[in-house]
Structures are given as C-alpha cells and as structure tokens.
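This report is for a reader who is new to the structure shown below. Please look over the sequence and the model before reading on.

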Amino acid sequence: MSDQHHAPTSRGKPPATGEEEASAVLRLGEFEDVDTLTLSEASLVINALMMKRKKDRKDRNETDVLNKTLDYLDAFARFKQKENVEAVERLLSAHKELTKFERAQIGSLCCDSADECKTLIPSLADKIADEDLQELLDEMAKLMST
C-alpha cells in the first residue's frame, strides 16, 4: 500500500467579499441607505404581486424558490393584517435615530424586552434608551395580538 496524501475533505470558509457587518457598528456597504422591509412588509408586497399576477393570468412564473419564500414569510411574518403592518411601520419610522436596517430588524424580530432586542441587534446599544425601546416593543406587541 502506498502512502498517498489526500486532499482535505472539506473546504475552508471563503473570506468575506465585502465590508458588510451587522454588529455593534453597522457597516452595510452598498446597502447602507437601501430601504429595508420587515418580514411582514415583504409578505404583503410579494402576496400583493402574486394576487395581481393571478388576476392578470400571469401566474406561470411561480418557482420553487418563490413558493418557499412565501412559506417562510407566512411562518415568520409577525403581523398578518395590512393595517397592523402599516401601524408598525409608522411606529418604527418615528425613531429617526435608528437606521432603516435596525428598524426592519426590530419589526421582524419582535423581541419581548429591550435587553433581548439589544442583544440580537448590538448596534442599538447606544442609540435608544431601554425605556423607549421597551415602549416601542410593547406597542408592537399590542398590534401582534389583534
């Protein structure tokens, strides 16, 4: 038997290609000022588009990826009624100290406490007082239950 060296069976993680980072300091690169949707907003937009396509009889473009995306949004979008999605958007937009990305994260994660929210979204640490964040989360929670 010969003593052959074999190539490793797994590849190393490729280096990051951009400067994007969502940690204590947000570095979103080219996505810095891009409008960001919550999962609930994305669900509304995609479902409205699908309804229009079906009405116009252009529904032949449904792909497996689109169907899986809709399933994901259906499972994880916290606000189902259009009025509640719009109300959450108004609540979040009132906080101009937060980036669009942070507002979308808050609206998608729907944390129970300010501490949990700041743990999951570290860039919030010095941007909003715990009391103000908790008030926002409480207002959003009211909209989830209706």
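## Overall layout

The model is predicted. The protein holds six helices and two strands. Along the sequence these elements follow the pattern β-β-α-α-α-α-α-α. The protein has 146 residues, and buried residues make up 27% of them.

Helix H1 covers residues 39-55 and helix H2 covers residues 64-76. Their axes come within 9 Å and cross at roughly 135 degrees. An angle over 145 degrees would count as roughly antiparallel, and one of 65 to 115 as roughly perpendicular; H1 and H2 are therefore oblique to each other. The crossing of H1 past H2 is left-handed.

The axes of H1 and H3 come within 10 Å, with a crossing angle of roughly 135 degrees. That angle makes H1 oblique to H3. H1 also passes H3 in a left-handed crossing.

## Helix H4 and what follows

Helix H4 spans residues 100-109. Its buried residues are Glu102, Arg103, Ala104, Ile106, Gly107 and Ser108. Gln105 also lies in H4. Is Gln105 buried, partly exposed or exposed? Buried means under 20% relative accessible area and exposed means over 50%; Gln105 has a relative accessibility of 27%, so this residue counts as partly exposed.

Gln105 and Leu120 are 15 residues apart in sequence, and their C-alpha atoms are 9.0 Å apart in space. After H4 comes Cys110, which has a positive phi near 50 degrees.

## The largest pocket

What is the volume of the largest pocket? The value is about 170 Å³. Its lining consists of Asp35, Thr36, Leu37, Thr38, Glu41, Glu89, Leu92, Ser93, Lys100, Arg103 and Ala104. By class, these residues divide into three nonpolar, three polar and five charged.

Helix H3, residues 82-93, and helix H4 each supply at least two residues of this lining. Arg103 and Ala104, which are among the buried residues of H4, both line the pocket.

## The largest cavity

How many cavities of 30 Å³ or more are there? The count comes to one. The largest cavity has a volume of about 40 Å³. Thr38, Ser40, Glu41, Phe79, Val85, Val88, Glu89, Leu92 and Gly107 form its lining. These lining residues comprise four nonpolar, three polar and two charged.

Which helix gives the largest share of the cavity lining? H3 does, with four residues. H1 and H3 each supply at least two residues. Gly107, one of the buried residues of H4, is also part of the cavity lining.

## Residues that line both spaces

H3 takes part in both cases, with at least two residues in the pocket lining and four in the cavity lining.

Methods:
Residues are numbered from 1 along each chain as its sequence is written. This is a predicted model: local features need pLDDT of at least 70, side-chain atom pairs count only at pLDDT 80 or more; totals for chains, interfaces and linings use all residues. Side-chain values use heavy atoms; hydrogens and water are left out. On a 1 Å grid over the protein atoms alone, a cavity is a set of points where a 1.4 Å probe fits but cannot get out, and a pocket is an open set with protein on both sides within 12 Å along at least five of seven lines; lining residues have an atom within 4 Å of a point. Grid points are joined across faces, edges and corners, and a volume is the space filled by probe spheres set on the points. Ala, Val, Leu, Ile, Met, Phe, Trp, Tyr, Cys and Pro count as nonpolar, Asp, Glu, Lys and Arg as charged, and the others, Gly among them, as polar. Buried means under 20% relative accessible area, exposed over 50%, partly exposed in between (1.4 Å probe, protein chains only). Axes are lines fitted to C-alpha atoms, for helices over the stretch in contact, and angles run from 0 to 180 degrees between N-to-C directions. Angles under 35 degrees count as roughly parallel, over 145 as roughly antiparallel, 65 to 115 as roughly perpendicular and the rest as oblique. A crossing is left-handed if the near helix is turned anticlockwise from the far one by less than a right angle, and right-handed if clockwise.
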